[in-house]
Structures are given as C-alpha cells and as structure tokens.
Amino acid sequence: MTRHCSNWLQSYLKYAIPVSEMEERGHRWIGLATVAAALGRKVWIDQVTFKWFPNMYVVIVSEAGMSKTTT
C-alpha cells in the first residue's frame, strides 16, 4: 500500500488549523493522541521486565468557546 502523506501529523496540522478555532498546540496533541490510538497495543518497547505501550490520556484545556469539543 502506498503512503498518501509522508508525515501524517504535518499533513493533519496543515489541514486542520485553517478550518478550526483551536490553536496549533491543541491540534498537535489531538494528532499525537490519534496516532497513539491507532497504534494501540500493536507497537511496544521491550524493557525485558515490562513493555512500554503508547498509552496516552489527553485532556484538552482551553478558554471557553475555542471548539475543544469539535476538535
């Protein structure tokens, strides 16, 4: 399968920032959380006694009316 984007996060930011009220750093965290969710428990770092998985709990905090819900 061919890649549509050479860098998914950069492509997402280029798409999302102009059409949303959320600032760039909020979109960056949304993008990272999306990548972590897509990876799930399919990717890990083995530390012999335990494994690191891409678990992320992201809470978006911003001023009222900044489209956090729709982002």
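The model is predicted; local features need pLDDT of at least 70, side-chain atom pairs count only at pLDDT 80 or more, and totals for chains, interfaces and linings use all residues. Residues are numbered from 1 along each chain as its sequence is written, and side-chain values use heavy atoms, with hydrogens and water left out.

The chain contains 2 helices and 2 strands. These elements are DSSP runs, numbered from the N terminus: helices are H or I runs of at least four residues, and strands are E runs of at least two. Along the sequence their order is α-α-β-β. The radius of gyration is 15 Å, well over the 11 Å that the globule rule gives for 71 residues, so the chain is more spread out than a compact globule. This radius is taken over C-alpha atoms, and the rule is 2.2 Å times the number of residues to the power 0.38. The C-alpha trace spans about 45 × 35 × 15 Å along its principal axes.

The accessible surface of the chain is about 6100 Å². Carbon and sulfur atoms account for 59% of that surface. Areas come from the Shrake-Rupley method with a 1.4 Å probe; for residues, only the protein chains shown count as cover.

Contacts are heavy atoms within 4.5 Å. Of the contacts between residues at least 6 apart in sequence, 40% join residues at least 24 apart.

The chain carries 8 positive and 5 negative charges, and their mean positions are 11 Å apart. Lys and Arg count as positive, Asp and Glu as negative; His and the chain ends are not counted. Each charge is placed at NZ of Lys, CZ of Arg, CG of Asp or CD of Glu.

The structure holds 3 aromatic pairs. Rings of Phe, Tyr and Trp (its six-membered ring) pair if their centres lie within 6.5 Å; planes under 30 degrees apart are stacked, over 60 edge-to-face, and the rest tilted. Trp8 and Tyr12 are stacked, at 5.5 Å centre to centre and 5° between the planes. Both lie in helix α1 (residues 8–16), 4 residues apart, or about one helical turn. Trp8 is partly exposed at 38% relative accessible area, whereas Tyr12 is buried at 15%. The pair of Trp44 and Phe53 is tilted, with ring centres 6.2 Å apart and planes at 50°. Trp44 is partly exposed, at 40% relative accessibility. Phe53 is also partly exposed, at 23%.

Notes. Buried means under 20% relative accessible area, exposed over 50%, partly exposed in between (1.4 Å probe, protein chains only).
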